[in-house]
There are 2 protein chains.
Amino acid sequence: MEKNISVGLLGLGTVGSGVVQIVEGHQEELVHQLGCGVTIKSILVCDVEKDRDVQVNPATLTTNPEAVLADPEIDIIIEVMGGIDEAREHILRAFKAKKHVVTANKDLMALHGPELQYAAKQNGCDLFYEASVAGGIPIIGGIVDGLASDRIEKVMGIVNGTTNYILTKMDDEGVAYEDALKEAQELGFAEADPTGDVGGLDAARKMAILARLAFSTSVDLADVEVDGIDGLALEDLQFGRQLGLKMKLIGFADFQDKQIEVSVQPTFLPENHPLAAVKNEYNAVYVNGKAVGETMFYGPGAGSLPTATAVMSDVTAVIKNMLLGVTGQQVVTPRYDKVLKSPEQRFGQYYFRIHVQDRSGTFTEISSLFNELDISFERILQDPIKNDKENGLAEVIVVTHQTTLEKINQALEKLAKVDVVEEVKSYFRIEGGYDQ
Amino acid sequence: MEKNISVGLLGLGTVGSGVVQIVEGHQEELVHQLGCGVTIKSILVCDVEKDRDVQVNPATLTTNPEAVLADPEIDIIIEVMGGIDEAREHILRAFKAKKHVVTANKDLMALHGPELQYAAKQNGCDLFYEASVAGGIPIIGGIVDGLASDRIEKVMGIVNGTTNYILTKMDDEGVAYEDALKEAQELGFAEADPTGDVGGLDAARKMAILARLAFSTSVDLADVEVDGIDGLALEDLQFGRQLGLKMKLIGFADFQDKQIEVSVQPTFLPENHPLAAVKNEYNAVYVNGKAVGETMFYGPGAGSLPTATAVMSDVTAVIKNMLLGVTGQQVVTPRYDKVLKSPEQRFGQYYFRIHVQDRSGTFTEISSLFNELDISFERILQDPIKNDKENGLAEVIVVTHQTTLEKINQALEKLAKVDVVEEVKSYFRIEGGYDQ
C-alpha cells in the first residue's frame, strides 16, 4: 500500500510544532507501523505571516477553519489549538464531516469530553486524547488497555509539572514558595500568570478525565475538590521531612462501593512511596488495581515533543483503525452512575500545624479535643516547638490516625473556638500508607 | 450481543489460577468492555485430582491437550503452562486450528517468538504476550502503542523481582548476599534453585523480547550478554553509597546508528535515577525515546493476579479484534537487520574496586596504566583504604569517565599483570547519567 493519509492540524503552537517535527522526522517509523505515510495537508493558524520555530510549507497555512475542516482529502483532524469554545465547535464540525479527531486539549476534554465522545460515536469517528493527560506518558492507554480486565480502585497522580518543579525546589533547596515560583517562571516551567497551575485547576482537569476512565463513571470538573499550592509554607515541608513525609500536589481519585471521591490538594506521602521520588517537572500517575496491585507510569508531563509523541500515537491508532475499517468502536457509556462520597465516607490521615499558647495544660486541652471526636494520634512533634517570646506561642505538629473528613472538619471548627489555640497554620491530608 | 467467548487454558499453576480468579471475579468489567462474557471452557492440567487453591469446575479439567486445542467452540488459547517444547507445539497446533493465543511464557517468546509470530500471521491469528515481560506492567503496550511514532533509543529495566528483592535487602539492611537470598527463598520470592534469577537468565529473556520490540530488529537470546548478582559483595554496595550510586540488576538495551547492544548485568545508577528508587520485588522499565524523552513503567513484575491481569488485558484485546473482525494484523517483520555493537562501540562509565600493595608509588602506577589507555578518572575513593596489616594491602575505588568496553577490557588485562595489583575485586558499569 503506497497511499498517504492526510491530516489537518488546528494550531501551530508548542504541541503543533512538535507534531510537525515528528511527522517529518519519524516518517520511516510511521510507514513501517502503518504501511503508509502521513502528510500534514493544512494547518489552521491565527497569523500566516508569523515567524515560527518550525519550518512548514507556507502553502499549508490557512486562517480559514473550513479550509481544513471541509477538505475531503483530510481524514484526521489534530486539535492542538487549545481553548474551549472554538476548539469544541471545530471538533464537532469535523465529526459531521466524518473526520476522526485527536486532541491534546485537557480543558476541553474535562469540560465537554462526554459530549464529544458521544458525537464521535454517532458519526462513526474516533476521538482520541492521550496527550490531554500527562503529556508523553501513555497513561490513558495504560488504564484503558493495559488494565482492561482489572477493577481500578485508586488513581493518584502528579499531573502538573509546574507545581512539582516548585515543590522540588522548595524541598531540595529550602527555597521559599515565591522564589521557587519565580525561578520556574524564568525557566519557562511556569507561565506569567501561574494561577491555573499553582491553584490546582490544571491538575483537576486531568483528574476528571482520568477518574472518568478509571472508574467508568461520569465525573465532571465540578466534582473535583481543588486546593493549590499557592503560598505553601516551607515550614510544613521541613516538618514533613522530620516525619518521613514528602509534600506533593496530588490528584487523588478513589472508588469504593461504587462511590467516588476526586480531589487535587497538597498532600503528604511517605518518602518511600513511588510518587515521592518524582522530581522537577516530571509527572507520574500511580494506579492501584484490585488484581494488579500498585503500578506507576512516569514521564514528561508537558513539552513540545513529548506531548506530540502522545498525539502521534493516537494518530497511529486512528490510522490503524481506518485501514482495518473499525473506527468509532470505543465504549463511551459509563458503567456506573456517579455517586460522590460524603465527608463521613472519606477516610484519611491528617497533619496539623497549630500555633498554641505556650502554657501548661495546652497540650491536654488539644488532645482531649481530638479525643472527644474519636480522632487518635499517630505522632506528635514536640521537638519543633519554638518559643515565640513576644506572643508566648508554641508550635505543635499533630499527625492523626485514619479518620473521616467529617471529623477533621469538626476538629477544625472546635480548634477555632478554643482559647489556647492561636491559629491552625495548616493541615494536609497524608496518603500512600504512612500508617502501614 | 449476548454471546460468550470460550477460552481454553493450558496450565493451572500460579498464573493460571489468577486467570481463573479474574475471569470469575471481573466478569462484569469484561462484559462492559466487550459486550460479551468470557468463559473458561477447558483447562489442560497434569493431574486432574490435585488439590488446588482456586475453585474450578472439575468437568473443565483435562489431561488431554487435544480436548482443548481441537475444541471448535474455543476461540482463544491461554498458554500459562510454562516450559518450552511442549508449549511451542501446543501453540503451533492452536494456530493451525485458527485459534488466537495469549501467552505469559517469556522463555518461549525469548527463544521462539519470531517463529510463533510468523505462524500466527500465516494463520490470521493474534498472538499476544504482554504478561511475558514484567508481569502486571503494561510495558509491551506502552512500547508498541504508547510510543508508536517515536524512535526508542534506550531501554533499561529492572525486570527480575527476585534479584531486586535481594539487592534491596543488601542495600537497606546491610545483609550479605547469601542471607538475603535465603530470606527471599523463605518468603517465596526466590525459588529453591535460584540460578535462573540470580544468574541473570530470566532477565535476559525479557530483555531479548523488549529489545526486539523497542528497536524493531531481531534479537536472539544469545545476543544478550548476561552477568548475574550471585556472590555480589556487600562492600561494593557500600562504596556505591559513598559515591551516590545504587546497584541494580539492569537489563540494558541501546540502539544507536542502527547498531544494538543488549546486556543484563549488575550496574550502578545515580541514586536520583528513577530506577534507583524501585525497591523489593517490584519491576520497572525505563524507556528513552528520541521525542518523548524519559519515561518509566513501574509495577509488580510477577505474582498470580498481576500477571493474570496482563494475560486478561491481552485476551480482551484479542476479543475486541475478533468482534471487529481484524485479528492477525500485527506488524511482525523487523525494520532493521541486526547489527551488534563491537566492544569499541560500547560506551560507559566503570567502577573498579582494586586491592593493591600498600606502598608508595602504587597509585602512580595504577593511574598511569589507565592514562596510557586514555581512560580518565571521574572519582577516586581514598577514604576507604583500610590497611590490611597481614598482607600489606589497601583498597582503591576508581570511577572512570565515559570510555569504551574495549578499553576497559584492556585495562583489566593490564591490571592483572601489574605487580602492585593484588586483585581486581570487582568492576561494574555505571549507567544513567552519573557524569552529568
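A salt bridge is counted where a side-chain nitrogen of Lys or Arg lies within 4 Å of a carboxyl oxygen of Asp or Glu. In this predicted model, that rule gives 56 salt bridges over all chains.

One of these pairs joins A:E115 to A:R88, with 2.9 Å between the closest N and O atoms. Because A:E115 belongs to helix α5 (residues 106-122) of chain A and A:R88 to helix α4 (residues 85-96) of chain A, the pair ties together parts that are 27 residues apart in sequence. A:E115 is partly exposed, at a relative accessible area of 32%, and A:R88 is likewise partly exposed, at 23%.

A salt bridge is also formed by the side chains of A:K169 and A:E183, at 3.3 Å from N to O. This pair links helix α7 (residues 161-173) of chain A, which holds A:K169, with helix α8 (residues 177-186) of chain A, which holds A:E183, the two residues being 14 residues apart. A:K169 is buried, with a relative accessible area of 11%, whereas A:E183 counts as partly exposed at 26%.

In chain B, the closest N and O atoms of B:E431 and B:K154 are 3.1 Å apart in a salt bridge. B:E431 lies in the segment after β17 (421-430) and B:K154 in strand β7 (residues 152-158), so the pair ties together parts of chain B that are 277 residues apart in sequence. In chain A, a network of salt bridges links several residues, among them A:K154, A:E225, A:R429 and A:E431.

The UniProt annotation "active site", from an unreviewed entry, covers A:K206, a residue of helix α10 (residues 201-215) of chain A. A:K206 counts as buried because its relative accessibility is 6%.

Terms used:
Residues numbered from 1 in each chain as written. Chains lettered and ligands numbered in written order. Predicted model: local features only at pLDDT ≥ 70, side-chain atom pairs only at ≥ 80, totals over all residues. Heavy atoms only, no water. UniProt positions renumbered as here; feature names shortened; annotations may be inferred. Helix = DSSP H or I, 4+ residues; strand = E, 2+ residues; numbered from the N terminus. Buried < 20%, exposed > 50% of the residue type's maximum accessible area, 1.4 Å probe, protein only.
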